[in-house]
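The report below goes through strand pairing, nonpolar cores, the disulfide and charged contacts in turn. Please keep the sequence and the model at hand while reading.

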Amino acid sequence: MSVQAHPSKAFHLSGQRDSYSDASFYAQEDVKPYFVQGLLVFDESNESFRNTSSAGLNQAGTILLGFFTFVGSLGSQGVLIAFGGLTANVAEAVPPKRLESPELRWQMQNIAVYDIANERWYQQQAHGDIPSWRSAGCAIAVSAMDNSSHSVYAFGGWGSSNTQNNDGNVYVLSIPSFTWIRVTLDTDQRSQHKCHLMGKHHMLVVGGIRPNREEQYPSGMAGCDTDPKFNQGLGMFSLNNHTWATNYDPEAGAAPYQVHSSITNAIGGNATGEQQNVHPTLASRRMIYAS
């Protein structure tokens, strides 16, 4: 999972070593894929890579197909937020079929926060309308005008054949209260896509497929687009109106982000911020309010 962090750093978190990422697997017999630790940092200012620890991410220090985003207005250099997806012990064999095992699922109430300036991980339990477990979705983050709250928008992902985890809902993880809020109710599923912040208040969804409960990767035409909101593999979601759009007005898109009433109804405050709801009680509180 990768994310671009302003102004000059990009991060790639954990992942899996297999024949797709390491060609040497083809030359080895009976080698099974396995998860790896590490937070790979690319510094654009000097075009250098370095690998820092992800051991504090969760119990195993690994994540695959999770949600990963950057919040620039927290901490002195911003923070990274990770949740969902799969986790397994380092070097533990994880063949493709085992990726469907419930024991690998990192449930959505578990939130990892990485303080970029101090290179430190924090773990926080979220509450509220917690999404059912999912993987291979996407997330972006925006902040209220006064930085009193920060909204991490999460969309899509694949669940499993035995649950109702597949949905087209958009959820918000509001920080610093760490409250999950469902802001839309939709059945248009999507997974394996990417999300980007476009302008000040639009989520641009790029690519992806339509999963179903039986198959994470539907065969044939089953995963192709049929809904006009994803015409040509692109979708736009207004963070101010909480509606899907098919046209983008760059002038209107330059207007500030406003916290939607579906969020303020849960955390307090108003469209510009002024959120004064309960704050986290764990170590992440010290990081969030560090200057």
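## Strand pairing

Strands E13 and E14 pair in the antiparallel sense over six bridges, where strands are DSSP runs of at least two E residues, helices are runs of H or I of at least four, and both are numbered from the N terminus; two strands count as paired if DSSP finds at least two bridges between them. Within this pairing, Ala154 has Tyr171 of E14 as its bridge partner. The model is predicted, so that local features need pLDDT of at least 70 and side-chain atom pairs count only at pLDDT 80 or more, while totals for chains, interfaces and linings use all residues. Residues are numbered from 1 along each chain as its sequence is written, and side-chain values use heavy atoms, with hydrogens and water left out.

E13 and E14 belong to an open sheet of five strands, ordered E11-E15-E14-E13-E12, with mixed pairing. The edges are taken by E11 (127–128) and E12, each of which has a single partner strand, so one side of each is left without a neighbour in the sheet. Elsewhere, strand E5 (residues 39–43) runs antiparallel to strand E6 (residues 48–52), and five bridges join them; one of the bridge pairs links Leu40 to Asn51 in E6. E5 and E6 form a hairpin with four residues between them, and Glu47 in the turn has a positive phi of about 55°.

## The chain as a whole

The chain contains three helices and 19 strands. Of its 291 residues, 51% count as buried, a class that means under 20% relative accessible area, with exposed set at over 50% and partly exposed in between (1.4 Å probe, protein chains only). The chain exposes about 13,600 Å², of which carbon and sulfur atoms supply 49%; accessible areas come from the Shrake-Rupley method with a 1.4 Å probe, and for residues only the protein chains shown count as cover.

Among the contacts (heavy atoms within 4.5 Å) in the chain with a separation of 6 or more, 58% involve residues 24 or more positions apart. Val113, found in strand E9 (residues 110–115), is buried with a relative accessible area of 1%. Its C-alpha lies 10.0 Å from that of Thr69, a residue 44 positions away in sequence.

## Nonpolar cores

In soluble globular proteins, nonpolar side chains tend to be buried together. A nonpolar core is taken here as a set of buried Ala, Val, Leu, Ile, Met, Phe, Trp, Tyr and Cys residues joined through side-chain atoms within 4.5 Å. The largest such core has 21 residues, and those with the most contacts inside it are Tyr153, Phe155, Met203, Leu239 and Ile263. At least two residues of this core come from each of strands E12 (138–143), E13 (150–155), E14 (170–175) and E17 (202–206) and from helix H2 (261–267), and E12 supplies the largest share, three residues.

When residues up to four places away in sequence are not counted, Ile263 touches Ser151, Tyr153, Val172, Ser174, Ile181, Val183, His242 and Tyr257. A second, separate core of 20 residues includes Phe67, Val71, Phe83 and Ala141.

## The disulfide

A search of the whole structure finds one disulfide, defined as a pair of cysteine sulfur atoms within 2.5 Å. This disulfide joins Cys138 to Cys195, with an S to S distance of 1.7 Å. Because Cys138 lies in strand E12 and Cys195 in strand E16 (residues 194–198), the pair ties together parts that are 57 residues apart in sequence. Both Cys138 and Cys195 are buried.

## Salt bridges

The structure holds six salt bridges, each being a side-chain nitrogen of Lys or Arg within 4 Å of a carboxyl oxygen of Asp or Glu. In one of them, Lys97 pairs with Glu100, the closest N and O atoms being 3.6 Å apart; Lys97 is exposed, with a relative accessible area of 64%, whereas Glu100 counts as partly exposed at 42% relative accessibility.

Arg98 takes part in a salt bridge with Glu92, where the closest N and O atoms are 2.6 Å apart, and Glu92 is partly exposed at 24% relative accessibility. Arg98 also forms a salt bridge with Glu103, the closest N and O atoms again being 2.6 Å apart, and Glu103 is exposed, with a relative accessible area of 55%. Through these shared partners, Glu92, Arg98 and Glu103 are joined into one network of salt bridges.
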